[in-house]
Structures are given as C-alpha cells and as structure tokens.
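Trainee: I would like to go through this model term by term. Please set each value against its definition.

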Amino acid sequence: MYVMKCSRDGSFEKGEVNPYGNIQLSPSAGVLNYGQGLFEGMKSYRKEDGGLLLFRPELNAKRMMMGAERMCMPCPSLHQFVEAVKQTALANKRWVPPHGKGTLYMRPMLLGSGAVLGLAPAPEYTFLVYASPVSDDYFKGSGGLNLYVEEEYDRSARLGTGGVKSICNYAPALKAMGRAKSRGFSDVLYLDSVEKKNLEEASACNVFIVKGNVISTPAARGTILPGVEEGVVPVDQLLDADEVFCTGTAVVVAPVDTITYRDQRVQYKTGVGSVTSELYSTLVGIQRGVVEDKKGWTVEIS
C-alpha cells in the first residue's frame, strides 16, 4: 500500500509503497472521533497484452480535492494522487486478475490521523492507497437488481455531506440496506429528504431510468456524488420507465429487474438489446482496452 503523510503546514511529504498492514492511530485521531476522512474507489484493468489501465483517475483526484475542502482537510495534488495510484497498481500487479476475469479495486483514503481532543480539524493527515482483487459481479450472481424504495430513512440531507465521499456517509445506510436485503431485495433506492418524491440514489451507486430514447438521472444538488448530467426525476417516473440501471465504480452498469414502491412492483427490460447492456459492453470495453478510447479516458501504467 502507498502511504504519504501531511505535515502541520499542509504540505504532503514524498510517499512510498509499504507492505500492506495495520496502521497506528492515536485514540484521539480526528478520523476516529469526528469522522474527518474521505475515500475514493477506482479500478486497475488488465489488458489483453498483460498491461494495466486506469480509468479517468484525475476525476477521482478532483473529487477528493472537493471533498477535502468541505471537510477542512489538506489534500494531495492531482499529480500526487494519480502517481500514488499508479505506484500502488504496479506494486500489486500480480494481484490484478487476468483480462476479463475481474479487476484490482483500489481504495485511496485521506484521514485526519493527528490527535485532536476538541472539535477541530486534525493537526496531521495521512493519505494512503490499498488494493484488492475483485470479481466483476458486485451483487454476487444477480441477473438483475431488485430494489426497494426507502421512505423511512434518508441517505443524506441538503447542505450536508452527501455530495462528497466522506466516510461518515456510509454507515447510516447500513440499517435500511440490511432490512431490505433481509426481505429479499438487492438494495434500497432513496428519495429526497425534503419532499420525499424525487429519486436520489441507491446505497452506494447512482440510478438511471430509460424511457424511449431519453436517459434521466437525479440531479447532484449537494446530496448525491457528482459525475453525470442530471435533472429532477420524480419517483412516479419509475412506474412508467422502460429500463432502470445503476452505475458506480464497483457495480459498473447494473440492470434493475424490479423496483417495489409502496405496494406496487414494477418490472423492467433487461438483457440483450437493452440500453443497459449496450452501455455496459461499451464502457467495459473501453476500460479493458478492447474498444477504442476516443475520449482519452484511460491511462496506461508502465
């Protein structure tokens, strides 16, 4: 794993790759007491010739910078972030699954590691990147997702931290997600916290709906992680959609088979010939270097 420390003046020292292992923190570290931490999720892909690719790592770096500003944390530069990810991928190259058999999931983290007893920004910070090989099947064998529209719990509130990838955003989702899974659903689909009538996102991925030749996804207005073109999507539009799919680093592009909203269960088109299937094939092809990258999205590691 890659580790880089930040001094009290806000400058990150030169980082290095160390053996994967536990890290030592003071009991009064800012990240442990006040949740001052951010993380990113990204992947390294094995090409057919054995080389490695990253997919748009500079955008992960920029999102961490945005989150760091919100959480009062210094942040590595774009160059420092991307170089750290590259070094981590190379150091773990033997763990990257064969082409088409999975990916190396990479987790950059920024932690308030300095000791602080009173409520204040930590005096020191640690940036680290670790990795793990993963399969392509995030939802473990599901042909299509079965989502449940959650109305009791909110994922995030306006003017909160829902728009940044803060560590404190995720544990609150566990209760609703666990309850849904105990009832046979894949995940929950959250509504906005104010009016309870517009779509937000699932526990750890964005949601899109397809109607005719139009694809819609909820607007990123401080409660949803940014990354797409969006608008307001009322929950009622789910009932009339042709397709629904989820997207994210881990889930890639995952088709939704059914959504249950109150007492109504709606089924959607999936499989061959669907928009979701075409998007998945194109995206994964670019990420693995078998479809031409006309946008300059991939970065080769050497």
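Trainee: How much space lies in the largest cavity?

Mentor: About 50 Å³. This is a predicted model, in which local features need pLDDT of at least 70 and side-chain atom pairs count only at pLDDT 80 or more, while totals for chains, interfaces and linings use all residues. Residues are numbered from 1 along each chain as its sequence is written, and side-chain values use heavy atoms, with hydrogens and water left out.

Trainee: What makes a space a cavity?

Mentor: On a 1 Å grid over the protein atoms alone, a cavity is a set of points where a 1.4 Å probe fits but cannot get out. Points are joined across faces, edges and corners, and the volume is the space filled by probe spheres set on them. The structure holds two cavities of 30 Å³ or more.

Trainee: Which residues line the largest cavity?

Mentor: Lining residues have an atom within 4 Å of a point. For the largest cavity they are Lys 43, Tyr 45, Thr 103, Asp 136, Val 252, Tyr 280, Val 284, Gln 287 and Arg 288. Helix α5 supplies the largest share, three residues.

Trainee: Why is α5 called a helix of the expected span?

Mentor: A helix is a DSSP run of H or I with at least four residues, numbered from the N terminus. The expected span is 1.5 Å times one less than the number of residues. With 13 residues (275-287), α5 reaches 18 Å from its first C-alpha to its last, close to the 18 Å expected.

Trainee: Why does Val 31 count as buried?

Mentor: Buried means under 20% relative accessible area, exposed over 50%, and partly exposed in between, with a 1.4 Å probe and protein chains only. Val 31 has 11% relative accessibility, so the residue counts as buried. Val 31 lies in helix α1 (residues 30-34).

Trainee: What is Val 31 in contact with, leaving aside neighbours within four places in sequence?

Mentor: Contact means heavy atoms within 4.5 Å. By that rule, Val 31 is in contact with Leu 25, Gln 36, Gly 37, Leu 111, Gly 112 and Ile 167.

Trainee: What makes a set of residues a nonpolar core?

Mentor: The members are buried Ala, Val, Leu, Ile, Met, Phe, Trp, Tyr and Cys residues joined through side-chain atoms within 4.5 Å. The largest such core has 28 residues, of which Leu 38, Met 73, Phe 81, Met 106, Leu 110 and Phe 127 touch the most other members. Helix α3 gives the most to this core, with five residues. A second, separate core of 24 residues includes Phe 139 and Ile 209.

Conventions:
Helix = DSSP H or I, 4+ residues; strand = E, 2+ residues; numbered from the N terminus. 1 Å grid on protein atoms, 1.4 Å probe; cavity = no way out; pocket = protein on both sides within 12 Å on 5 of 7 lines; lining within 4 Å.
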